[in-house]
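Please walk through this model with me, from the packing of its helices to the surroundings of its ligand and a few points along the backbone.

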Amino acid sequence: MDRFVIEGGVPLRGSVKVRTAKNALLPCMAATLLTPEPLEFAGSADLRDIASMAELLRHLGAEVEGEPGGPIRVRAAKIPEPECPYDLVRKMRASVVTLGPLLARYGRARVSLPGGCAIGTRPVDQHLKGLAALGADIRIEHGYIEASAPVLRGGEVVFDTVTVGGTQNVLMAAVLAEGRSVLRNAAREPEIGDLARLLVKMGARIEGTDSDTLTVEGVKALGGARHACISDRVEAGTLLIAAALTGGDVTVEEIVPDHVEALLVKLRAMGARVEPGGSAVRVSCPDGLSAADVTTAPYPAYPTDLQAQFMALLTQARGVGSVKETIFENRFMHVPELQRMGADIRIDGNMAVVTGPTPLKGAPTMASDLRASACLVLAGLAAEGTSEVRRIYHLDRGYERLEERLAVLGARVTRVKED
Ligand code: EPZ
C-alpha cells in the first residue's frame, strides 16, 4: 500500500492543468452499452476507477482500447449476458449506472447491489423507482438487482431526492424507451449535462439539459460518437484550495470556472484573490484568510466532494467557520486525523465547527476515502514538518498522480511504495 510523505510549509506557485473528470467519464463509458457502434473519448485519466469501469465493460463483452490516461475507444457490439457481478461492482459503486443502459438495450439486466461505503449507506432506491416508472419489473434477489422490461415505455419520474447516479441511470434508460419521459427534480451537476450532450451526439432526443427537468423523446437506436468529457471540477477545486491554504499563487488551467463557482465565492469571501479568465482560474492569498461557513448541497451549491478539503482550509483561517454536510451521513472521517495534527474542530451532528488559525504539526495519518485523503494531503502541505498519508489507494481512485501535479507547484510530496 503506497503512502505519501509530505514536507509542509511551502507556498505553492505556478500553473497546473486539470485532467478529465472521472465522474463524467464513468457514466459516459456506461453509455457505450446503449449502442453496438463505437464510441471514442478524446481524453481520460489514469485512475483506478476508470480501469475498473473498463474491466467491467470488457467483462460484459465490449472491446475497450486505449492506454491509461489517453483516448479510449469502446465498442459494445454484442453483450452475451447483461450481468455485472458483485466482485466488479464492489470495486466501484459507479458501476451501478450500467443498469439503465443494459436494461434499455437488452430488456433485462442483473447488476449487483453496490452496498454502502465509507461515506454513507448510499441507497439506490431512486434509481430503481425511476426505472420502474418506465415500466421495468425490478426485484432484489440474493444481493442483485434483477430488472426486466421487454419494452420500456416513457414515463414521468419525480426524484424524491436529487441524485446524480439516479438521474444518469434513468436518463440512459429513457433515451431508448418508447415515447416521452420527463425526469423532474433531476440532478444538475455538470457531469449530467456532459452525459446528456454525449447521448444527443449518439442520436438521443433530450431537452432541458443542465436544468432540473429533462424531457426525453425515446428513439429506436443510438449510434457511435466522439466526445471529450469535461475536466475535473473536484481536482480543480482541490488545487485551488491548496493554493489558498499554503498562501501561494497558483493558476489552475483547463477548467470551466463556472463549475467551481460555489468554491470561488467562498474563497473570495475569505479574502483570497480569485482571478478567473477563460478556462483558467488564478488564486493567491496575499493577506491571509478569514473563516467562512459552507453547507454542502446539490449543484450549483457547494459540493460535498470539496467539503473535506475546505475543512483543511478553515484550520488556517482566522476566526470560527463551519462546514455542514447535508449529502452523506458519514463524511467527517478526516476530522480525527486533522485533530491529531492540531486542528481545533468540534463536531455537532452534521456540522463541524472549526476555529483557526491553528498551526498544524506533521503527523502520520490514515486516509479513509477519496476526498478525505485529499484533505489530509492538503493539511500536510500546510503543516510544519513531515506528514504521512497512508492508504493512498483511495486517493489514486480519483486523482491522477497528485504528487506529480503538486510537485509542479513546488510541493514536496513523495510517494513511498510498499508491498
Ligand atoms: C455522485 O455519487 C458522485 N460519484 C459522488 O462523488 C458525489 O459525492 C455525489 O454524486 C454527490 O455529488 C460519481 O459521480 C461516480 P447521489 P452518487 O446519488 O451518484 C442519496 C467522489 O468523491 N440517494 O447524488 O452515488 C444518497 O445516499 C464521489 O468522487 C438516495 O437516497 O450520489 C446521498 O445521500 C463520492 N437514493 C444523496 O442521495 C438513491 O437512490 C446523493 O447521492 C440515490 C441517492
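Helix 1 and helix 7 cross in a right-handed sense, where right-handed means that the near helix is turned clockwise from the far one by less than a right angle, and left-handed that it is turned anticlockwise. The contact, meaning heavy atoms within 4.5 Å, is made by Asn23, Ala24, Pro27, Cys28 and Ala31 of helix 1 together with Glu191, Asp194, Leu195, Leu198 and Leu199 of helix 7. By class, the residues of this contact of helix 1 with helix 7 divide into seven nonpolar, one polar and two charged; here Ala, Val, Leu, Ile, Met, Phe, Trp, Tyr, Cys and Pro count as nonpolar, Asp, Glu, Lys and Arg as charged, and the others, Gly among them, as polar.

Helix 1 covers residues 22-31 and helix 7 covers residues 190-201, and the two pack at an angle of about 30° with their axes 9 Å apart. The axes are lines fitted to C-alpha atoms, for helices over the stretch in contact, and angles run from 0 to 180 degrees between N-to-C directions. Helix 1 and helix 7 are therefore roughly parallel to each other, a term for angles under 35 degrees, while angles over 145 count as roughly antiparallel, 65 to 115 as roughly perpendicular and the rest as oblique. Helices (H or I, at least four residues) and strands (E, at least two) are DSSP runs, numbered from the N terminus.

The model is predicted, so that local features need pLDDT of at least 70 and side-chain atom pairs count only at pLDDT 80 or more, whereas totals for chains, interfaces and linings use all residues. Residues are numbered from 1 along each chain as its sequence is written, and side-chain values use heavy atoms, with hydrogens and water left out.

A second pair is formed by helix 4 (residues 99-106) and helix 6 (residues 164-174), whose axes come within 7 Å and cross at roughly 15°. Helix 4 and helix 6 are therefore roughly parallel to each other, and helix 4 passes helix 6 in a right-handed crossing. Leu99, Gly100, Pro101 and Ala104 of helix 4 make the contact with Asn169, Met172 and Ala173 of helix 6, and by class this contact has five nonpolar, two polar and no charged residues.

Which residues are the closest to the ligand? Of the 23 residues that surround the ligand, the closest are Gln126, Thr163, Asp305, Ile327 and Arg371, where a residue is counted if one of its heavy atoms lies within 4 Å. An oxygen atom of the ligand is 2.5 Å from a polar backbone atom of isoleucine 327, and an oxygen atom of the ligand is 2.8 Å from a polar backbone atom of glycine 165. For asparagine 23, an N or O atom in the side chain is 3.0 Å from an oxygen atom of the ligand.

The backbone also deserves a look. The peptide bond from tyrosine 299 to proline 300 is cis, with omega near 10°, and proline 300 has its place in the loop between strand 18 (293-295) and helix 10 (307-314). The peptide bond from glycine 356 to proline 357 is cis, with omega near -5°. Asparagine 185, in the loop between strand 11 (180-184) and helix 7, has a positive phi of about 55° although it is not a glycine.

Terms used: Polar contact = N/O pair within 3.5 Å; in protein donor to acceptor, adjacent residues only side chain to side chain.
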